[in-house]
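Please read this note with the coordinates open beside it. The points are numbered so that each can be taken up separately.

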Amino acid sequence: MEKIKGAVRNNTEILGNYLIAVALVVVISLFYSGFGSLSHISVLLSDLAILGFLVLGQTFPVLTGGIDMSVPYMMNSAAVILNYGINTKGWGSGTAFVAVLAGALLAGAVSGFGIAYLKVHPMIMTYGMNSILMGALLFWTKGTAGGFTPQGLVGFAKAKIGFIPVVTIFFGAIMVVLMLVLKRSAYGKRLYAVGNCRRAAYFSGVNVRQTVMITYMISALCAAVGGLIMSGRVGQSYLGMGDSYMFITLAAVAIGGISMNGGKGHTVGSTSGALIITIVLSVLTVLKASPGVQQLLYGVVLLLALVLEANKLQLGRKKGGKL
Amino acid sequence: MEIQKKLNVFIPYIILAVILVIMGIYQPGVINFNWLNRQADAWVTLALVGIGQTLVFMIGGTDLSVGGLISFTNCLAAAYMPDSVGGIVLFSFGILLAGAAAGMFNGFIIVKFRLQPFIATLTTWAIWSGAALCILSVDGGKVPRAFTKALLYKFGSVKVSLLILAALIIIGVFFKVSRLGIAVLAVGSNEKGAYFGGINVTRTKILVYTISGFLAACSGLFRTAQVSSGSPTAGDSFILLSCAAAVIGGCSIVTGYYSFAGAVMGAVIMRLLTSLMVAVGVSSYMTSLLQGVILIVSVCISSFTAIFHNRKKMEVDM
């Protein structure tokens with residue numbers, strides 16, 4: 001019981017996020033009667049699964065104080081490789097899935113290697129990787145973006161149990177697994193150690209480079225899964241399908257209580273951020289907000305989340321009497 | 001150490017020479033003064049941002065918002081610029097001021113809330129490119145003829161862009177020995193040391209971001225004149241390219257070297273890559289791949305310098 005109380009006390013913000021999400025749905029459904037209906041909630045939940053996977057991925061690099069800006073083309077490549085491989089190259093679906101996951105792991109490993117071992121700034125490395133993936137994708141497919149998604153994946157992305165989409169359950173399971181990895185495994189402990197103080201972690205015998213490199217591989221894998229689910233949902237793949245997700249994942253992570261300086265936060269928190277963003281996104285669609293207004297709002301929301309976080313830190317510093 | 005320092009300085013010139021030689025071999029006779037004049041337009045937009053990015057790198061930051069700012073100023077100019085000469089001048093000054101103010105805002109939030117520069121400028125990038133999308137949702141707009149003519153004017157046979165490139169290189173020489181130039185170096189190499197040495201760190205940082213915003217707005221205006229239309233995504237490619245230009249230009253916070261000339265060369269190299277690929281006959285689909293590879297490789301080279309530096313100081317290599 002004490003343990004639960006402690007957990008609640010430490011995570012009031014995240015609990016608050018979930019309450020805000022529920023309240024948002026209730027309040028908005030008062031104005032737009034269809035918003036709170038089961039069918040719309042089911043749509044929201046499957047949106048959550050796509051964004052959620054990307055956000056889960058983003059969580060890990062951010063926990064080490066890094067960032068993954070290769071999310072857009074990581075998810076785009078996953079979708080295009082699968083569809084192009086099956087439709088044009090005549091791969092079997094098994095081969096295609098293995099190729100996608102192996103490709104994502106490889107791209108993540110390259111980013112991670114550059115960041116951890118060659119000391120390239122995470123932003124430059126992952127943004128460069130984004131550009132490389134885009135070029136490679138264009139070159140490989142000669143600009144034809146893949147085509148239709150195999151029926152099996154479409155079926156998986158659209159399947160439902162009751163009103164809950166299967167992909168959302170899948171997402172929830174992965175979230176719990178990653179939460180356990182963070183909180184219960186040795187790797188998780190090392191990750192927090194690196195995020196809190198790289199130097200101290202190094203002197204405690206943590207293999208800092210390896211720990212950092214693995215976060216980018218996890219991120220790449222999650223982005224690829226998100227991309228596959230999105231292509232299943234949409235029924236095809238197209239170039240630029242992930243472009244809007246770069247800001248969104250970061251905004252979700254920041255709202256989810258994960259410190260951009262690293263070392264604080266977890267996947268349940270980042271999921272709460274993803275949930276709020278999903279609902280806000282849907283509201284903006286209902287209100288017919290233009291893409292410009294949407295992007296402006298992401299920027300403002302992200303900035304506010306960062307500033308609030310920074311203020312808290314500064315207050316903490318004043319309390320602790322440190323510089 | 002000395003050799004590495006020099007290596008950084010000469011790398012842009014070596015790469016440029018190699019590119020020019022390859023182009024000369026594949027397309028003999030293409031490179032002449034007219035070609036230089038034509039290309040200078042493309043170079044100057046990137047060189048301006050590259051210099052801003054170099055300065056920001058030198059104080060240990062990054063400015064991603066340049067992309068958003070270029071799109072924003074581009075759309076603003078294409079959508080609302082008046083036709084009268086006085087109006088054009090006033091409007092241009094207004095845009096430059098807006099750019100400087102946006103840069104100052106970046107600096108302010110980074111210093112005041114101690115945000116990580118790349119995250120803080122990422123948010124302002126989203127804000128400015130969102131604003132650009134609000135002004136023009138698709139490519140379009142109309143630019144007054146007089147404005148286009150003024151920025152593409154030829155003095156004899158020399159274009160304005162070429163003159164500006166030369167001017168930037170000369171200004172760079174003086175900037176490095178100016179009060180601000182020295183403060184930038186001091187803040188970049190050791191913030192605490194600079195503070196105790198009596199340098200106003202806050203002011204220096206905010207000024208550098210202001211300069212970067214101002215230069216991005218200049219670049220946006222140039223782009224408007226060259227394309228004579230506006231695009232809400234005009235600036236997005238500039239983020240990667242400006243970082244690459246700065247890094248290839250040889251700026252290194254560890255060795256404390258930077259120069260405007262280097263940044264200009266970096267910009268020229270990034271712009272020439274496309275021409276190079278056309279000359280060699282590689283698919284233009286590879287452009288962004290090559291840009292990414294070059295950015296990462298050049299960053300790796302400069303980070304090796306940092307690693308050697310750390311080894312020499314017997315700093316742990318984490």
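1. Basis of the note. This is a predicted model, in which local features need pLDDT of at least 70 and side-chain atom pairs count only at pLDDT 80 or more, while totals for chains, interfaces and linings use all residues. Residues are numbered from 1 along each chain as its sequence is written, and chains are lettered from A and ligands numbered from 1 in the order in which they are written.

2. Confidence. The model has an ipTM of 0.83 and a pTM of 0.88.

3. Overall form of chain B. Chain B has 13 helices and two strands, where helices (H or I, at least four residues) and strands (E, at least two) are DSSP runs, numbered from the N terminus. Along the principal axes, the C-alpha atoms of chain B fill a box of roughly 60 × 50 × 35 Å. The radius of gyration of chain B, taken over C-alpha atoms, is 20 Å, which agrees with the value near 20 Å for a compact globule of 318 residues; the globule rule is 2.2 Å times the number of residues to the power 0.38.

4. Burial and contacts in chain B. Buried residues make up 49% of the 318 residues in chain B; a residue is buried if 20 or more other C-beta atoms, placed from the backbone, lie within 10 Å of its own, exposed if 12 or fewer, and partly exposed in between. Of the contacts in chain B with a separation of 6 or more, 81% are between residues 24 or more positions apart, a contact being a pair of residues whose C-beta atoms, placed from the backbone, lie within 7 Å.

5. B:Asn106 lies in helix H4 (residues 85–112) of chain B and counts as buried because it has 30 C-beta neighbours inside 10 Å. Leaving aside neighbours within four places in sequence, B:Asn106 is in contact with B:Asp63, B:Ser65, B:Ala120, B:Thr121, B:Thr124, B:Tyr209 and B:Gly213. B:Asn106 and B:Asp63 are 43 residues apart in sequence, with a C-alpha to C-alpha distance of 8.4 Å.

6. A helix pair in chain B. Helix H8 (residues 179–189) and helix H10 (residues 201–227) of chain B pack at an angle of about 110°, with their axes 10 Å apart. The axes are lines fitted to C-alpha atoms, for helices over the stretch in contact, and angles run from 0 to 180 degrees between N-to-C directions. H8(B) and H10(B) are therefore roughly perpendicular; angles under 35 degrees count as roughly parallel, over 145 as roughly antiparallel, 65 to 115 as roughly perpendicular and the rest as oblique. B:Leu180, B:Ala183, B:Val184 and B:Val187 in H8(B) meet B:Val201, B:Thr204, B:Lys205, B:Leu207 and B:Val208 in H10(B).

7. The contact between the chains. Chain B gives 40 residues to the contact, and chain A gives 42 residues. On the side of chain B that touches chain A, the elements giving two or more residues are helix H5 (117–135), helix H11 (236–248) and helix H13 (287–312) of chain B, and H13(B) gives the most, with 14 residues. By class, this side of chain B has 26 nonpolar, 13 polar and one charged residues, with Ala, Val, Leu, Ile, Met, Phe, Trp, Tyr, Cys and Pro counted as nonpolar, Asp, Glu, Lys and Arg as charged, and the others, Gly among them, as polar.

8. Buried helices in chain A. In helix H12 (residues 245–255) of chain A, 11 of the 11 residues are buried, and just after H12(A), A:Gly257 takes a positive phi of about 80°. In helix H9 (residues 186–196) of chain A, the buried residues include A:Arg190 and A:Leu191; the buried residues of H9(A) pack against helix H3 (38–63), helix H8 (166–184), helix H10 (198–203) and helix H11 (208–234) of chain A.

9. Two loop residues in chain A. A:Lys119, in the loop between helix H5 (93–116) and helix H6 (122–141) of chain A, has a positive phi near 65° and is partly exposed, with 19 other C-beta atoms within 10 Å. A:Lys288, in the loop between helix H13 (267–286) and helix H14 (291–320) of chain A, has a positive phi near 60° and counts as exposed, with 7 C-beta neighbours inside 10 Å.

Methods
Contact = placed C-beta atoms within 7 Å.
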